[in-house]
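This report describes selected side-chain contacts and surface features of one protein model. The sequence and structure are shown first.

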Amino acid sequence: MGRARVDALVPHDSLPNLKNALAASAECVQLRKRGATWSFSELREPAEAIARLRVEGTSLEPVTILELARLCEQVMSARAAIMAERDESPVLAEIVASLPRELNSITARVANKILPSGDLDDRASPELARIRHEITKLRSSITRSLENLMRRSEEAVQDELVTIRNDRFVIPVKSDHRGHIKGVAHGFSSSGATAFVEPLETIDANNELQSLRETEEREIYRILFALTEELRLQLAGIEMAAAAVAELDFINAKAVFHQKFNCVIPEVGSGTLQFAEARHPLLEENLRASSGAVVPVSFSLDEDHDSMIISGANAGGKTVVLKTAGLLSLMALSGLPVPARHALVPFFSSVLADIGDHQSLAANLSTFTSHVANISRMIELCQAPALVLLDEVGTGTDPEEGSALGVAVVDHFRRVCGAYVMATTHYGGLKVYAANEERVQNASVEFDDKTLRPTYRLLVGVAGSSSGLEIARRFGISGEIIAAASASVTDSSRQAAEYLRRIKLESEEAASLREALEEERVAVAEKFASLEKEAEKKERQRQTSFQAALEKIVNEFERRSRELLATVQDRSERLKLERETQRRVAELKREAQRVANSSRGREPSAAPTNSGPRPVRVMREGQLVTGGQATGASLKASGQHSTESEDADYIAAPVRDIAIGDRVRLISFGSIGIVDSIKGDEAEIRVKSLRLREKLENLELVEVAAPVKSSGRFSKLRNTRGPEIQLSTTDTQTRSELNVIGQRADEAVEAVDKFLDAASLSGTSHLRIVHGHGTGALRRAIGELLKDHPHVARFAAAPQDQGGSGATVVELRQ
C-alpha cells in the first residue's frame, strides 16, 4: 500500500494540503529522533479481504482474519506512539485520532482464538475444547484397541503400526493372512503384499470419530463466522486503518529518505526559489556506490533577480544544476524532503523544462527543430508562477541567430509569462544580456586552470568561459589539432575569455576576503561572549559573598534578640517583641536585596504601600542598626549610641554608681532605659513599656548628647563589608492617627496591625483609624482585626466630629 502511495505521487495542487504533507514529514522526522517509530511488516494488501467483508453472510478464512487482525494491531501500535507525542505532532495525530479503539479488542479476540499458524486454538470456544477432548480420547481408545489386536494376531500383521486410510484407523495385514482378521479392507500397498484392514471391533469407534470431526468442523465454521461478523461490524474502522497504514508507511518512508540523504523540509509558498548546498539525489546515490561525493550547488531567484544564465566549460555540470533545480522543486511541491541544507520554493503552477536532445528521424525532428518545438509547447503551457529550465537555449543553428533567439526566449518567459528562468548557454550574447539586465544574474560552473578540469562548483555573479579547446584536449584530441584551432580563434574571443578569467579571479579574491572577515567577526563574538561569561561569574561570586555576610548578620541579630526576649517576663510583651523581631528580620533581607539590585544597576523593588515610613535595617561597621516608625523600643546594635526616641542621641556619662532614675544602656543589646529599682547586683530597667532585669555590670550610664542636624532627607551609612546604604531620617515620632483610605483590605489590615504594635511599644493609649465610608469592606476587615487583637482594650466608631462611621477610635491596654 505504501509503495502504491509513492507510485501515485504527484505535485500538490493545493497549498494548504502541501503544507500539511510537509508538516507531517517534519513531525515524523522529529519523532524518529526521539525514538518514537513505527513499521508495518508481513501485511498483505487488504483490499480483497475488505471487499469480502462488504458481502453479507460470507465468512473469512482463518489466515485472512489473522491478516486483518495484524493490520489492526500494527496501526493501533503506531497510533499509540503518535498520540503519546500528539502535542508535538498534531498533523500525524489527526491521521490516527479517529481510529476506533475497538480495533484493539478485535485484535485481542482474534489472537485468543486463532493461532499464528492459522489453526483454531482449542480454547476458541468451550464446545470446541470439549469436542477436541473427546476426539483425542477416542483416538487413544481406538489406537490401544488396535495395538492389542495386533499383539494377539502377531503372525498376521505385517508391521505393528497403526495407520490411517480414508480418515479411518487401520492396521497393516499380510495379504495371505487376511482371513485371520475380520474387517473392512481400505486398500493395499503398492506391492500388494499388505492390506490395510479396519477390524470389525473398531468400526463403531471410527464412525463415532468421523461424527466428532464433522461436529468439530461445524464448530470451527461457527467461530470463524462470528469473528467475521465482528470484523464486519468494524468495517469502517478497518478501512480507516488500511488508509492510515498506507499514509503512515508513506510518511515514514519520506522520513527515512530524509535521514539517508541528509535532507531538509522545504519551506513552500514564498516568492523566493532558494537552495543552499543542494544535491541531485540520483547523482548522489551513484557517487556513493563508487565512494565519490557530490558537489552541492547553491543559488537563489526572487523578484529582484528572476533569471539566471549559466555558462562555463562543457561537462562542467551546467545541466546538472538545471536538473537539480527542477527535480528538487518538484519534490518540494510533492511534499518530499529535499537533499539540501536549506530550501525555499514558491508554489509553482508549472515547472517546464527543455533539457536534452530530442531529435528523431521518425518524427522528422533535427536537434534545433526538436528544441524549438518543445519551447513553443512550453510557451503555451506556461502559467505563472512558473519555473522554466532551458538547456543550451538557441543551440543547433547559426550562433548569431541562436544567440538572438535565446535572448528573446528568455526575455519572453521573464516578462510575458512571469516565470523564473534558468538557462545554460555558450553564447556570448546571452552572457551580455545577463550582464546588462538588472534582474538577470550571470553564473558559471568553475573550471580549474591548473588541472584543466571542472570543479563542478557553481559561481553566481560571474560568467564563465566555455574552455572548449581545453576540454577537447582532455578528451583525447591531438595537440596538433588543438594548436590549429587556437590559431583560428579571433583576438576578440581571446580577449573576452581573458576578461572572464580576470573577473573570476577577482570574484574568488572577494570571496576569500569575505570568509576572512566572517572568521574575524566570529572570533570577536566569541571573545565578547567569554567576557560576558566572566562578568557573570564574578557577579555570582559577589552575590554569594553578599548573601553569606547578610546571613551572618541576620543570625547574630536573631541570636541577640532571643537573649533579650528571654529576659522579658510579660508574656504578651514577649509575643509582641517576637513578632517585631520576625518582621524586622524579613525587612532586613528585603532591604539588603534592594541594595544588591541597586548595586547591579537595576531598579529596586517598590516597597509595599502603608501608612508611613517602613522600618529599615542597615549595616554600620559590621553591626546591625534598626530604625523607622515606632522606634520607642526599637532594638539597635550600635556600639556607639542608641536612642529612646529618634530625636535624641546618647553618649557615655561620667563613671559613678548607678542610681534609681538614671538612664542606662544595656551593654548586651544596646537599648536605652531608665532604672526603676535596684536589688543587690541587679537592676530593673524600664525600656518604654517593657521592664527588664539586668546585672549592674552589664549597664552603662548615658546622657543626652547635643542633636546633630541631617543635611538632607537621607543620611548615608557605609558598611565596611558591603555597599553604601541609605537610611531614612524622616520624623518617625509615633502618631495617634492612621489613614488607610484607598488601600485594599489586606494592605489596610497589615498597616493597622503594625500601627497598633508601634503605638503599644511607644505607650500611646488612644488611636484613631480613618478608613472612610465606601462599601464598608475596610471598616469590617479592620473591625475583625481589632476584635481579637492583644493590644486592644476596646474600640468603637468615632464621634461625628471625628469622622463618624468613616473612622474608628481605639483604646489600647496599658
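## Charged and aromatic contacts

Glu239 has a relative accessible area of 30%, so Glu239 counts as partly exposed; buried means under 20% relative accessible area, exposed over 50% and partly exposed in between, with a 1.4 Å probe and protein chains only. The model is predicted, so local features need pLDDT of at least 70 and side-chain atom pairs count only at pLDDT 80 or more, whereas totals for chains, interfaces and linings use all residues. Residues are numbered from 1 along each chain as its sequence is written, and side-chain values use heavy atoms, with hydrogens and water left out.

**Salt bridges.** A salt bridge is defined here as a side-chain nitrogen of Lys or Arg within 4 Å of a carboxyl oxygen of Asp or Glu. The count by this rule is 40 salt bridges. Three of them are listed in the table.

| Salt bridge | N to O distance |
|---|---|
| Arg54 and Glu239 | 2.6 Å |
| Arg279 and Glu284 | 3.0 Å |
| Arg415 and Glu437 | 3.1 Å |

In the salt bridge of Arg54 and Glu239, Arg54 lies in the loop between α3 (47–53) and α4 (62–83) and Glu239 in helix α9 (residues 235–260), so the pair ties together parts that are 185 residues apart in sequence. Helices (H or I, at least four residues) and strands (E, at least two) are DSSP runs, numbered from the N terminus.

The bridge between Arg415 and Glu437 links distant parts of the chain, with Arg415 in helix α13 (residues 399–415) and Glu437 in the loop between α14 (428–436) and β13 (440–448), 22 residues apart. Glu437 is partly exposed, at 23% relative accessibility. Salt bridges with shared partners join Asp306, Asp411, Arg414, Arg415, Glu437 and Arg439 into one network.

**Aromatic pairs.** A pair of aromatic rings is described by the distance of the centres and the angle of the planes. Rings of Phe, Tyr and Trp (its six-membered ring) pair if their centres lie within 6.5 Å; planes under 30 degrees apart count as stacked, over 60 as edge-to-face and the rest as tilted. The structure holds four aromatic pairs. One of them joins Phe257 and Phe261, whose ring centres are 4.7 Å apart with planes at 35°, so the pair is tilted. Phe257 is partly exposed at 23% relative accessibility, whereas Phe261 is buried at 5%. The rings of Phe348 and Tyr420 have centres 6.3 Å apart and planes at 85°, so this pair is edge-to-face. Phe348 lies in the loop between β9 (342–345) and β10 (350–354) and Tyr420 in strand β12 (residues 420–424), so the pair ties together parts that are 72 residues apart in sequence. Phe348 and Tyr420 are both buried.

**A further contact in space.** Pro62 is located in helix α4 and is buried, with a relative accessible area of 13%. The C-alpha atoms of Pro62 and Asp119 are 7.1 Å apart in space, although the two residues are 57 residues apart in sequence.
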